Number of protein chains: 2
Amino acid sequence: MDLFGGIESGGTKFVCAIGTATGEIKEEIRYPTTTPDESISRAIAFFQKAATQGRTLKAIGVSSFGPLDPHPTSPKFGYVTTTPKPGWMNTDFVGRLHTTFPDLPVGFDTDVNGAALGEYRWGVAQGLDTFIYLTIGTGIGGGAIVNGKPVHGLMHPEMGHVRVPHDLAADPFPGMCPYHGDCLEGLACGPAIEARWQQRGETLAPDHPAWALEAHYLALGIVNFIVTLSPQRIIMGGGVMDQHHIFPLIHQEVGSLLNAYIHAPQILEHIEDYVVPPGLGNQAGVLGAIALAQTALTIG
Amino acid sequence: MDLFGGIESGGTKFVCAIGTATGEIKEEIRYPTTTPDESISRAIAFFQKAATQGRTLKAIGVSSFGPLDPHPTSPKFGYVTTTPKPGWMNTDFVGRLHTTFPDLPVGFDTDVNGAALGEYRWGVAQGLDTFIYLTIGTGIGGGAIVNGKPVHGLMHPEMGHVRVPHDLAADPFPGMCPYHGDCLEGLACGPAIEARWQQRGETLAPDHPAWALEAHYLALGIVNFIVTLSPQRIIMGGGVMDQHHIFPLIHQEVGSLLNAYIHAPQILEHIEDYVVPPGLGNQAGVLGAIALAQTALTIG
């Protein structure tokens, strides 16, 4: 049975796992993200120990916070590049893995492209070829599979930074993105909810007006992604989306904003199956990393 | 020498051409778009006449205004579907061609996906795998090649309908999209310029404030497409973009809005090569249709 290593490198925690080609996780560890040296070394030690116990890997996949370089032919492939996260700028993540495991193919992509790939293989995006995975949490990120492959293009999508209408009379909160102020992330990430209402989102009652406003901004972002990418489904994960009562609000608002312009039954009749939570729950990230490992093995 | 037929079906005019596998046009006609019967029959007659003169086609491609159904496996493949254009709703475009030319493969896609494909084969998108083609004219449309193939997904992109911030104090024009009011198309298409300033765009001097405002809205749209799709280039055609003096305004505004968030030299250092006019000029559309014909032949 082929085994693959997956590393989900998040801003606050690392998840490392060993899984099969069918997405079954055999072993997993989680620990807080610290320095690159320490965080990556612990992942390496985990895989080395597994190997001594007979769990030899065919490939490793890394899904990481970014920005990063996902282009295999680029000199900076495998680097976390211009991240503001202290100590992590210009970290050669894949290089460190290659030093210890010179014979293993290593896949590398954004956390959200990785999660999208995981959902594509084993979750709620099976059988689709073009869809989006969004995470709404400390930040807002989006990954996409288009025509069956993760989108990289110039670099990789940075969907959280999409600009949306912001009615300052109705919502005077100026937004908190250090680059753009009131882009989607600036208006609708978890910390923006907390800053606007002066209390943490999970403490706001489901009927608090915070949620209608949050759904409004998220729906504006979604509508922009729909008209740009024409996704067959939109998967929404992340801490904010653990408030499941927000999904129906989003469904209604997306329909209202599109105003029946996109004549697709998936949107007009079944929007509750169109904008959905992840199928893989809190394993979406690390399963995505395992999917990246498999892809790396296939590509060579 | 293999020959291909191309039909560019526009809202106001048809362009039909016969071209080679290298994008050389041998023969071309242009005429106003009228009813589906008449417009498509003239295209058919053009190809039939060419055949009697020894110009036998290997395949036909159609790039059309939409919305339309570009999915070869769909029962409505080849239809112009829910278009508001009088007489054209539910037009089986490809079916009419098949009746006359039962043995010819027929490719079918949006005008903007077609133009993108033409630029990919023979224009300013050669060697890229992920880019966008926008047209700014009577309406605003966008097509995209991602991972080397036109984007369809749920249907096809409808980029003109992206939502952007609209400061009503600075620009009280309410927008003119019948579905969305002040989406990008509602604020920045050619007729919106005319309605806002009470004169046709081409009569406005290059230093008229209309152009800075137009560039502002187009740049907002572009920034949204960049963060969503991560294109390696953005090609901008259509009647409004014939005012070439608007390109430098757009370049400056895109840079300013992104605020150095996307660390790519293509944007930070060479934006004049990143947002560019079409390489194929006013033949982009029909060459795109010829490229669609070639693709149809290859796919089967």
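How many aromatic pairs does the structure hold over all chains? In this predicted model, the count is 20 aromatic pairs over all chains. One of them is formed by B:F14 and B:W88, whose ring centres are 6.1 Å apart and whose planes make an angle of 40°, a tilted arrangement. This pair links distant parts of the chain, since B:F14 belongs to strand 2 (residues 13-20) of chain B and B:W88 to the loop between strand 5 (79-80) and strand 6 (91-92) of chain B, 74 residues apart. Both B:F14 and B:W88 are buried. A tilted pair is also formed by B:F46 and B:F47, because their planes stand at 55° with the ring centres 5.4 Å apart. B:F46 has a relative accessible area of 7% and is buried; B:F47, at 1% relative accessibility, likewise counts as buried.

In chain A, one aromatic cluster is made up of A:F14, A:Y31, A:F65, A:F77, A:W88, A:F93 and A:F108. A:Y31, a member of this cluster, also has A:R42 over its face, at 4.2 Å from the ring centre. In chain B, the charged end of B:R42 sits over the ring of B:Y31 at 4.3 Å from its centre.

The relation between the chains was examined next. Chain A is superposed on chain B by a rotation of 180° with 0.0 Å of shift along the axis, at an RMSD of 0.0 Å. This is the relation of a two-fold axis. The C-alpha of A:P165 is the one nearest the axis in chain A, at 2.0 Å from it. Of the interface residues of chain A, 100% are also interface residues in chain B, so the copies meet through the same surface.

An open sheet of five strands is found in chain A, with the order 3-2-1-4-7 and mixed pairing. Its edges are strand 3 (25-32) and strand 7 (106-110) of chain A; each has a single partner strand, so one side of each is left without a neighbour in the sheet. From one strand to the next the twist averages 15°. Within this sheet, strand 1 (residues 3-9) and strand 4 (residues 59-64) of chain A pair in the parallel sense over six bridges, and A:F4 stands opposite A:A59 in strand 4 of chain A. Helix 2 (residues 93-100) of chain A lies across strand 1, strand 2 (13-20), strand 4 and strand 7 of chain A, and runs at about 165° to strand 7 of chain A.

In chain B, strand 2 and strand 3 (residues 25-32) pair in the antiparallel sense over seven bridges, with B:I18 opposite B:E27 in strand 3 of chain B. These two strands of chain B form a hairpin with four residues between them, and B:G23 in the turn has a positive phi of about 85°.

Chain B also contains an open sheet of five strands in the order 10-9-8-11-12, with mixed pairing. The edge strands are strand 10 (149-150) and strand 12 (275-276) of chain B, each of which pairs on one side only. Strand 9 (residues 140-146) and strand 10 of chain B are antiparallel and pair over two bridges; B:I145 stands opposite B:P150 in strand 10 of chain B. Helix 3 (residues 111-122) of chain B lies across strand 8 (131-136), strand 9, strand 10 and strand 11 (234-237) of chain B, at about 50° to strand 9 of chain B.

Several backbone features lie in loops. Most residues other than glycine have a negative phi, and most peptide bonds are trans. The peptide bond between A:G66 and A:P67 is cis, with omega about 0°, and A:P67 is found in the loop between strand 4 and strand 5 (79-80) of chain A. In chain B, the bond from B:G66 to B:P67 is cis, with omega near -5°; B:P67 is placed in the loop between strand 4 (59-64) and strand 5 of chain B. A:N90 has a positive phi near 60° and is found in the loop between strand 5 and strand 6 (91-92) of chain A. At 42% relative accessibility, A:N90 counts as partly exposed. B:N259 has a positive phi near 55° and lies in the loop between helix 7 (246-258) and helix 8 (265-268) of chain B. B:N259 is partly exposed, with a relative accessible area of 38%.

How values were computed. Residues numbered from 1 in each chain as written. Chains lettered and ligands numbered in written order. Predicted model: local features only at pLDDT ≥ 70, side-chain atom pairs only at ≥ 80, totals over all residues. Heavy atoms only, no water. Least-squares fit on C-alpha atoms with pLDDT ≥ 70 in both. Contact = heavy atoms within 4.5 Å. Pairing = 2+ DSSP bridges. Axes fitted to C-alpha atoms, helices over the stretch in contact; angles between N-to-C directions. Phe/Tyr/Trp six-rings, centres within 6.5 Å; stacked < 30°, edge-to-face > 60°. Buried < 20%, exposed > 50% of the residue type's maximum accessible area, 1.4 Å probe, protein only. Lys NZ or Arg CZ within 6 Å of the ring centre and 35° of its normal.
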